[in-house]
Amino acid sequence: MRGRRAGRAAAMTLVVMQTICVLAPLGVVVAWACTSAWPWPDLVPSSFSARGLEELFAPSQQLVPTLVRSVGIALAVALVATSAATLAARALVHHAYVGREVFRFATVLPFIIPSTVFAMGVQMAFIRAGLAGTFVGVIVAHAIVALPYAVVIMVEVTEAAGSRLEEQARTLGAGPMRAFFEVQLPLLLPGLLSAATMSYIVSFSQYFLTLLVGGGAVKTLALTMFPYLASGDRTIASAYGVVFMVATLAVFLVFELVLRRVVSRPTDYFEG
């Protein structure tokens, strides 16, 4: 009992420390959004200002259209990357063929190639293909970067789910599409939402790739926020950072509600 209590106390201590390490920087960002001066080494701001909020909601900033555009692109990327990752995971887990390991390696290439080099190559390729400066081009470029994250998640979930129940449904007369959507898909749903969440994060925070591929024609929240970071205007940059956090948390809440609504207890699918 003492060992269990000590282990539980140590675990709780680590959780509290991790929570503080996450929330403390976020609190600093929120504080800077309402601060005009915070000199070192003061622990609290020396003066407050609403300049960040005023600039944020100024008509010239077009906050709402930019936010809607950013969320729409990120959701599209999440859909594309997760769908492709699901098919790739099934090909890697359930099928044996020549070159499977080469295909597995190809799915993680964006992890290996430096992002700057990749962005420049994609820009030149998309200019020739007529996709530069378009929403489709930005979505495809973001999906390529997000795909390895989604594939890693979906391979693990697909291996855990197995194919036994899907094969039983096929044996009982269900077609391949019905067996997948009615039997296999509920087993993969927690992984699908995790992959979609990761893909959303990768897309929503992209700056350099969006700048090169979008060519300035596709304006996202990251593009709007970065110049203030580069110029050292922490007040306005932090105001945009608060919007960034709120929008991301709102989307995650929607994902969580979908998960709880469709699958009440995800672990039930992997028991037995």
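**Aromatic pairs and cysteines in a predicted model**

At 22% relative accessibility, Y207 is classed as partly exposed. The structure described here is a predicted model. Its aromatic pairs number 6, and a search of the whole structure finds 0 disulfides.

- F226 is partly exposed, its relative accessible area being 34%.

**The pair F204 and F244**
- Among the 6 aromatic pairs, F204 and F244 have ring centres 4.6 Å apart and planes at 50 degrees, so the pair is tilted.
- F204 lies in helix α9 (residues 176-204) and F244 in helix α12 (residues 234-262), so the pair ties together parts that are 40 residues apart in sequence.
- F204 is buried, with 4% relative accessible area.
- F244 also counts as buried, at 17% relative accessibility.

**The aromatic cluster**
- One aromatic cluster is formed by Y200, F204, F244 and F252.

**Cysteines and disulfides**
- A disulfide is a covalent bond joining the sulfur atoms of two cysteines.
- The whole structure contains 0 disulfides according to the search.
- C21 is exposed, with a relative accessible area of 57%.
- C34 is partly exposed, with a relative accessible area of 33%.

Terms used
Residues numbered from 1 in each chain as written. Predicted model: local features only at pLDDT ≥ 70, side-chain atom pairs only at ≥ 80, totals over all residues. Heavy atoms only, no water. Disulfide = S-S within 2.5 Å. Buried < 20%, exposed > 50% of the residue type's maximum accessible area, 1.4 Å probe, protein only. Phe/Tyr/Trp six-rings, centres within 6.5 Å; stacked < 30°, edge-to-face > 60°. Helix = DSSP H or I, 4+ residues; strand = E, 2+ residues; numbered from the N terminus.
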